[in-house]
Amino acid sequence: MRCLIFAEDYLPNIGGIASHVHKLALSLQRTGNDVHVMTVRKLPRGRNLRVCRSREIERDGLPITEIPVIYSPRNILLPFQKQFIFAKQARNYIKNNKVDVFHWHNIYFDPDVARKVNGTTGMVFTNHSSQFLAAATQGDAERSHLFHTLNYAHQIIAPSEQLLESTFDLGYPRNRGSY
């Protein structure tokens with residue numbers, strides 16, 4: 001199986017999702033799958049995207065594409081970067097490498113990219129986040145937004161029964177989720 005894992009939160013960041021994504025990618029690779037990780041490369045203030053291009057690196061034998069992102073005040077540039085830079089590179093990678101699964105991990109950054117690659121390959125979302133649990137208890141508008149965010153996934157994986165049940169409570173089909 002060929003898998004493109006997309007995660008905004010990835011090493012060298014320290015945290016649960018970043019660590020999980022790396023360990024998952026390594027495990028998939030060890031079991032004979034062709035795995036590639038695509039993540040952000042956070043640029044220091046004042047750096048120009050034309051100067052800092054995407055780069056290919058390797059970490060623990062795992063191929064990784066780091067795509068530069070500029071964080072602007074109030075992140076006004078972020079939606080455009082996600083729609084055009086990240087999604088374009090993900091679509092190209094999926095097409096050129098005949099990817100079987102696009103797997104994303106962040107409830108707020110990654111779905112914008114997933115939306116743009118939807119229809120090109122299988123789509124899996126791992127719902128890790130306590131941010132998701134907090135948002136799922138908000139009003140109908142936030143719950144509707146979360147449902148539409150999840151709706152791109154053909155399958156959803158959750159590392160806790162609470163996250164999975166909250167996913168189902170939004171209307172996501174039970175037969176397409178697993179703990």
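This is a predicted model: local features need pLDDT of at least 70, side-chain atom pairs count only at pLDDT 80 or more; totals for chains, interfaces and linings use all residues.
Residues are numbered from 1 along each chain as its sequence is written, and side-chain values use heavy atoms, with hydrogens and water left out.

Let me begin with the overall form. A compact globule of 179 residues would have a radius of gyration near 16 Å, and the chain, at 16 Å, agrees with that; the radius is taken over C-alpha atoms, and the globule rule is 2.2 Å times the number of residues to the power 0.38. The C-alpha trace spans about 45 × 45 × 30 Å along its principal axes. Of the 179 residues, 45% count as buried, where buried means under 20% relative accessible area, exposed means over 50%, and partly exposed lies in between (1.4 Å probe, protein chains only). The chain has six helices and eight strands, which are DSSP runs numbered from the N terminus (helices H or I, at least four residues; strands E, at least two). Among contacts between residues at least 6 apart in sequence, 60% join residues at least 24 apart, a contact being heavy atoms within 4.5 Å.

Now to the interior. A nonpolar core here is a set of buried Ala, Val, Leu, Ile, Met, Phe, Trp, Tyr and Cys residues joined through side-chain atoms within 4.5 Å. The largest such core has 37 residues, of which Leu4, Phe86, Phe102, Trp104, Phe132 and Leu150 touch the most other members, and its largest share, six residues, comes from α2. A second, separate core of 15 residues includes Ala7, Val21, Ala25 and Val37. Leaving aside residues up to four places away in sequence, the contacts of tryptophan 104 include Asp110, Pro111 and Ala114.

Just after α3, glycine 119 takes a positive phi of about 95°.

Finally, the charged pairs: the structure holds four salt bridges, each a side-chain nitrogen of Lys or Arg within 4 Å of a carboxyl oxygen of Asp or Glu. One of them joins arginine 2 and aspartate 34 at 3.4 Å, N to O. Arginine 2 lies in strand β1 and aspartate 34 in strand β2 (residues 34–42), so the pair ties together parts that are 32 residues apart in sequence. Arginine 2 is partly exposed at 37% relative accessible area, and aspartate 34 is partly exposed at 40%. Within α3, aspartate 112 and arginine 115 meet at 2.9 Å, N to O, three residues apart, about one turn of the helix. Arginine 174 and glutamate 165 also form a salt bridge, at 2.9 Å, N to O, with glutamate 165 partly exposed at 33% relative accessibility.
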